[in-house]
Amino acid sequence: MRTGTFRGFDVAMHDPGICVITFNQPERLNGMTQPMKRDLIETIAQAQMHDDVRVVVVTGSGRAFSAGDDISGHGRSGGSEAEALAQDIPGGHRDAVGTYEGLRWISQPLNAAMRALDKLSIAAINGVAVQTGFSLALSCDFRIASSEARMGSGTLRFGLMPDEGGQYLLVELLGVARTMDFLMRNRLVMADEALSLGLVHEVTAPDALLPRAMELARELAAGPQVAQRLLKRSIYNAAHQTFEQACDDIAAKTAITDHLPDAREGVRAFQEKRKPAFS
């Protein structure tokens, strides 16, 4: 797993197999650029393919998780120490086709990559999470927010759309009626309200955010990895399947997990009244 400083973020590995991605441009509220998104997608792909990674944690620096796309016109891709993981490609909003291509091949694939990651992911939302930053957090499996965090789409303020898939992710969590209210009224909510809506799983004091995220990451990293990853996929599948399809899906996955060493270890640990040591 490549670690270091890349365009707009740092990557570090922590035992036992926790990959921490930290957005490192606090002076511009960790706004995202096209090169940053390309490098993030590459990092997520590496996390997927490297066996030493068990859990991914994403967080921000300063007072923002990520304020979304950098539309200031002054965005940069990191300092001189930043390494490029992916090659720059032409793209952007030069015309309607360019907008369509940029969304389909750069912006939307970032959230799709996070959702497709088999390893479990945690968003530690330290501050403002808007637009692409908000939808990236929603693409993670777990969300823990600082009590100072504020989040929402906010795109209609600029006459823009939640075009990176934010409307889909909100419908999954809130349902159609509450998503309509949330997006059309351009709502930005504090952490406690986000918790009541079901947008985040926990709220912590600001200084407890990363320690709590790492505590959860260690708990998940100690679990049966193959079973967790297959169950994650089955849960997301179930949201869009009939009951019969969901039953067949998890039966097929159970036919794999029941015959793994972790299943035998889990049964032995129960019989011996001890904590399992999963591989």
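## Overall fold

The chain has ten helices and eleven strands, where helices (H or I, at least four residues) and strands (E, at least two) are DSSP runs numbered from the N terminus. Its radius of gyration is 19 Å, close to the 19 Å from the globule rule for 279 residues, so the chain is as compact as a globular protein of that length. The radius is taken over C-alpha atoms, and the rule is 2.2 Å times the number of residues to the power 0.38. The C-alpha trace spans about 60 × 45 × 40 Å along its principal axes.

## Basis of the values

This is a predicted model: local features need pLDDT of at least 70, side-chain atom pairs count only at pLDDT 80 or more, and totals for chains, interfaces and linings use all residues. Residues are numbered from 1 along each chain as its sequence is written, and side-chain values use heavy atoms, leaving out hydrogens and water.

## Burial and contacts

Of the 279 residues, 44% count as buried, meaning under 20% relative accessible area (1.4 Å probe, protein chains only). For contacts (heavy atoms within 4.5 Å) with a separation of 6 or more, residues 24 or more positions apart account for 71%.

## Residue D249

D249 lies in helix α9, which covers residues 243–257. With a relative accessible area of 13%, D249 is buried. Not counting residues up to four places away in sequence, D249 touches S234, N237 and Q241.

The side chains of D249 and K253 are joined by a polar contact of 2.7 Å. Such a contact is a pair of N or O atoms within 3.5 Å; within protein, one must be able to donate a hydrogen and the other to accept it, and residues adjacent in sequence count only if both atoms are side-chain atoms.

Methods: Buried means under 20% relative accessible area, exposed over 50%, partly exposed in between (1.4 Å probe, protein chains only).
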